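Subject: Structure handover

Hello,

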Amino acid sequence: MKRPLAAAAAGLLAAGVLAVSAAGPVSVASAGTAVPAGGADSVAAPAVAPAEAITPLEVAEVAPGVFVHEAPFALIAPANRGDIANLGFVVGDEAVAVIDTGGSRAVGDALLAAVREHTDKPVRYVVNTHVHPDHLAGNAAFADGGAKIVGHHKLARALAARAPFYREQADRQLSPADAARSTFLPPDIAVEDTLRLDLGGRELVLEAHPTAHTDADLTVLDTATSTWFLGDLLFVGHLPTLDGSLTGWLAEMERLSERQVARVVPGHGPRSLAWPEALAPQRRYLSRIASDVRTLIAEGQSISAAADSAGLSERDAWALFDEFNPRNATTAFQELEWE
Ligand SMILES: [Zn+2]
């Protein structure tokens, strides 16, 4: 099934075409605004805030030259600024590649500050593991410095379709300032099958996967240390979220589990885990959803019954179960009712 690791990347996409404007609700005060005679108390705050001090994201070196930020289990909220997905970077002899950039520009800036605590080498690539905003809303922090954004060949299309919704969602979930600065930059380089990125004496192997968690899942293998960034193809502790194909994900897990690697980094969960042991809980949960939903469909039950009851035996095993399980069950029902 697998084609050889020849660089099968497509050409450059039209960078920027799909970028979403960061225009926010804050308007810039005109320079001629009169200051009321009442004094300093009534002077409006400057429309352009002074540059805020950036606190580097906390990262750990899980293997030589491989750094991972382990994010908390949470929904995006103003207080966490969108820092809810694991992020990482790999340092080569000449350059750095960043893997995912966080749920806001602020998180991207903090990740860049973390990179700078460990190396002065340029960030040449940003790899996005998939379309979800908690993994890519910080892209511009690196693109502004010249990094090329790399993603699955279906990422640009998925992002274009969803950007208006993601923009509206950011406005709801982040502070106005963080929402206004966050963008959803599309990839400059599309991965059709596999692509090797050279960081100087160190090679990353990127692999585009068939529809599973989403329709644009991409993994990153650091060959030097056999560290495999799985993005949201792997959740550990945090309930898996289904936005692609349940049967596709179950099938892809079988293929992934046959690989031999030293460690994996999940999109949500502990920063470094043994493989394939780390896959067992997710495989159990998704298999349970599939069998529960198939049973409900066979009984002629409704989709809302599936949302209420499918997978409930897994409830105590996962963080954010109530937040995501009903939607997973609904998505699974829509897919499996056509079997
Ligand atoms: Zn995701």
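Below is what turned up, from the overall fold to one helix pair.

First, a caveat: this is a predicted model.

Overall make-up. The protein chain holds nine helices and 13 strands. Of its 339 residues, 46% are buried.

The core. In soluble globular proteins, nonpolar side chains tend to be buried together. Here the largest nonpolar core counts 89 residues. A97, V98 and L111 have the most contacts inside it. Helix α1 (residues 105–118) supplies the largest share of this core, seven residues. Domain 1 (6–27 + 54–275) and domain 2 (277–339) both contribute residues, so the core lies between them.

Leaving out residues up to four places away in sequence, L111 touches L57, H69, L87, V98, T101, G102, G138 and A141. V98, on that list, is also one of the residues with the most contacts inside the core.

The helix pair. Take α7 (residues 280–298) and α9 (residues 321–336): their axes come within 10 Å and cross at roughly 60°. The crossing is right-handed. On the α7 side, the contacts come from I289, A290, V293, R294 and I297. They meet N328, A329, A332, F333 and L336 in α9.

Best wishes

Conventions:
Residues are numbered from 1 along each chain as its sequence is written. This is a predicted model: local features need pLDDT of at least 70, side-chain atom pairs count only at pLDDT 80 or more; totals for chains, interfaces and linings use all residues. A nonpolar core is a set of buried Ala, Val, Leu, Ile, Met, Phe, Trp, Tyr and Cys residues joined through C-beta atoms within 7 Å. A residue is buried if 20 or more other C-beta atoms lie within 10 Å of its own, exposed if 12 or fewer, and partly exposed in between; C-beta atoms are placed from the backbone. Helices (H or I, at least four residues) and strands (E, at least two) are DSSP runs, numbered from the N terminus. Domain bounds come from an automatic or database domain assignment. Two residues are in contact if their C-beta atoms, placed from the backbone, lie within 7 Å. Axes are lines fitted to C-alpha atoms, for helices over the stretch in contact, and angles run from 0 to 180 degrees between N-to-C directions. A crossing is left-handed if the near helix is turned anticlockwise from the far one by less than a right angle, and right-handed if clockwise.
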